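Dear colleague,

Please find below the sequence and coordinates that I am handing over to you. My account of what was found follows directly after them.

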Amino acid sequence: MNIITQTAELRSVCDHIANSDFVTVDTEFLRESTFWPELCLIQVATPNSNGGEAYIIDPLANGIDLAPFFDLMADESVVKVFHAARQDIEIIYKLGNLIPHPVFDTQVAAMVCGFGDSISYDQLVFKITGASVDKSSRFTDWKRRPLSEKQLDYAIADVTHLRKVYQSLKANLEENERYCPI
């Protein structure tokens with residue numbers, strides 16, 4: 001796991017990710033006392049075919065410019081994979097003034113593949129990979145620094161398992177001639 005706190009690092013990572021067919025993406029934010037969510041963390045992971053790296057981007061790091069991340073989100077050659085994408089896309093739209101494209105939402109795809117309506121991430125990961133995801137850090141204070149190892153492990157699991165979930169759902173949809181990222 002790599003923690004990105006500088007713009008130059010972020011540019012390099014996003015340039016590397018742009019060579020992938022897809023990238024898995026998740027965000028952590030606070031929303032209790034604000035109209036718009038306050039972005040506290042961005043997690044991304046590349047497919048194994050492009051190194052299988054996972055990165056945590058700290059948008060609260062002093063002086064970091066998220067422009068390279070938003071450029072990646074606008075890159076139409078890379079499929080952006082989210083689970084239950086609405087809130088993540090809302091944050092990207094608010095801060096980057098763009099809607100990522102193309103997008104593959106594993107929660108929507110899971111419904112099409114017969115996993116039921118609105119399946120949770122941890123349930124979907126378990127059903128597809130057999131892995132258990134510890135969700136106990138879900139409602140922690142993502143704004144407080146330094147982040148604990150437990151928080152970092154939780155955050156990175158949200159994108160690393162997502163790779164296998166995406167590949168499984170995509171294969172299912174392709175087999176049934178229903179694959180079409182938005």
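This is a predicted model: local features need pLDDT of at least 70, side-chain atom pairs count only at pLDDT 80 or more; totals for chains, interfaces and linings use all residues.

Where is the place of Pro 102? Pro 102 sits in the loop between α3 and β6 (103–105).

Backbone geometry

His 101 and Pro 102 are joined by a cis peptide bond, with omega about -10°. A cis bond also runs from Arg 145 to Pro 146, where omega is near 0°. Pro 146 belongs to the loop between α5 and α6.

Two residues other than glycine carry a positive phi. For Ala 84, phi is near 55°; this residue is located in the loop between β5 (79–82) and α3. Its relative accessible area is 31%, so Ala 84 is partly exposed. Phi of Glu 177 is likewise near 55°, and Glu 177 lies in the segment after α6. With a relative accessible area of 76%, Glu 177 is exposed. As background, most residues other than glycine have a negative phi, and most peptide bonds are trans.

Overall fold

The protein contains 6 helices and 6 strands. Along the sequence they are arranged in the pattern β-α-β-β-β-α-β-α-β-α-α-α. The C-alpha trace spans about 45 × 35 × 30 Å along its principal axes. A compact globule with 182 residues would have a radius of gyration near 16 Å, and the protein has 16 Å, so the two agree. Of the 182 residues, 46% count as buried. Among the contacts with a separation of 6 or more, 62% are between residues 24 or more positions apart.

Helix packing

Two packed helices are described by the angle between their axes and the distance between the axes. Two such pairs are reported here.

The axes of helix α2 (residues 67–74) and helix α3 (residues 86–96) come within 11 Å and cross at roughly 120°. The two helices are therefore oblique to each other, and their crossing is left-handed. On the α2 side the contact is made by Phe 69, Phe 70 and Met 73, and on the α3 side by Ile 92, Leu 95 and Gly 96. By class, this contact has 5 nonpolar residues, 1 polar residue and no charged residues.

For helix α5 (residues 121–129) and helix α6 (residues 149–175), the axes come within 10 Å and cross at roughly 55°. These helices are therefore oblique to each other, and α5 passes α6 in a left-handed crossing. From α5, the residues Tyr 121, Leu 124, Val 125, Ile 128 and Thr 129 take part. They meet residues of α6 including Ala 157, His 161, Leu 162, Val 165 and Leu 169. The contact of α5 with α6 has 9 nonpolar, 3 polar and 2 charged residues.

Is Cys 40 buried or exposed? Its relative accessible area is 0%, so Cys 40 is buried. The residue is found in strand β3 (residues 38–45). Leaving aside neighbours within four places in sequence, Cys 40 is in contact with Glu 28, Phe 29, Leu 30, Asp 58, Pro 59, Leu 60, Trp 142, Lys 143 and Arg 145. The C-alpha atoms of Cys 40 and Tyr 121, which are 81 residues apart along the chain, are separated by 20 Å.

With kind regards

Notes: Residues are numbered from 1 along each chain as its sequence is written. Side-chain values use heavy atoms; hydrogens and water are left out. Axes are lines fitted to C-alpha atoms, for helices over the stretch in contact, and angles run from 0 to 180 degrees between N-to-C directions. Helices (H or I, at least four residues) and strands (E, at least two) are DSSP runs, numbered from the N terminus. Angles under 35 degrees count as roughly parallel, over 145 as roughly antiparallel, 65 to 115 as roughly perpendicular and the rest as oblique. A crossing is left-handed if the near helix is turned anticlockwise from the far one by less than a right angle, and right-handed if clockwise. Contact means heavy atoms within 4.5 Å. Ala, Val, Leu, Ile, Met, Phe, Trp, Tyr, Cys and Pro count as nonpolar, Asp, Glu, Lys and Arg as charged, and the others, Gly among them, as polar. The radius of gyration is taken over C-alpha atoms; the globule rule is 2.2 Å times the number of residues to the power 0.38. Buried means under 20% relative accessible area, exposed over 50%, partly exposed in between (1.4 Å probe, protein chains only).
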